[in-house]
Amino acid sequence: MKHYTYTFRVKKEEIDFNGHVHNVTYLSWMIDAATKHSEAVGFGYKKCLEFGGTWVARSHNIEYKRAAFEGDELVMETWVEEIGKVMSVRRYLITRVSDGATVCEGKTEWVFVDSKKMRPMKIPEVIVEGFEKAQAD
């Protein structure tokens, strides 16, 4: 299964009062990774709106493994683990470049909804096929 991957550096403003990355920052990074991956596959926010839908989070799960600190270079990996009729399960893995340590693992359940009614709607087949093709390439 092909993962969408990119590297980034922890910024000063992402650090909490304990001197490491703030818990909420991990969620922000996960949402950013999902957005970047969707754009890369060709089904970002604007394209989904053309089909009358958008993605909303049903649940997020974040498991912190190691602390990350200002200046750390991290690798974000994300992939769609499962895609069904109205819901998609996305996974995330964040590792530190310097020692290869797993910093964080995460999972989000995304629901495709009608952008006007905000009610679940069937994920258009072209979107399902787009993610499946990207995973296989």
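Strand β2 (residues 53-64) and β5 run antiparallel and are joined by eleven bridges; strands are DSSP runs of E of at least two residues, helices are runs of H or I of at least four, both numbered from the N terminus, and two strands pair if DSSP finds at least two bridges between them. The model is predicted, with local features needing pLDDT of at least 70 and side-chain atom pairs pLDDT 80 or more, whereas totals for chains, interfaces and linings use all residues. Residues are numbered from 1 along each chain as its sequence is written, and side-chain values use heavy atoms, without hydrogens and water.

**Exercise 1.** Identify the residue of β5 opposite Ile 62, and the bridge partner of Arg 90 in β5.

*Solution.* Step 1: Ile 62 stands opposite Gly 106. Step 2: Arg 90 has Thr 108 as its bridge partner.

**Exercise 2.** Describe the setting of Glu 14.

*Solution.* Step 1: Glu 14 lies in the loop between β1 (4-9) and α1 (23-41). Step 4: a polar atom of the Glu 14 side chain lies 2.7 Å from the backbone nitrogen of Lys 11.

Key:
Buried < 20%, exposed > 50% of the residue type's maximum accessible area, 1.4 Å probe, protein only. Lys, Arg positive; Asp, Glu negative; His and termini not counted. Salt bridge = Lys/Arg side-chain N within 4 Å of Asp/Glu carboxyl O. Polar contact = N/O pair within 3.5 Å; in protein donor to acceptor, adjacent residues only side chain to side chain.
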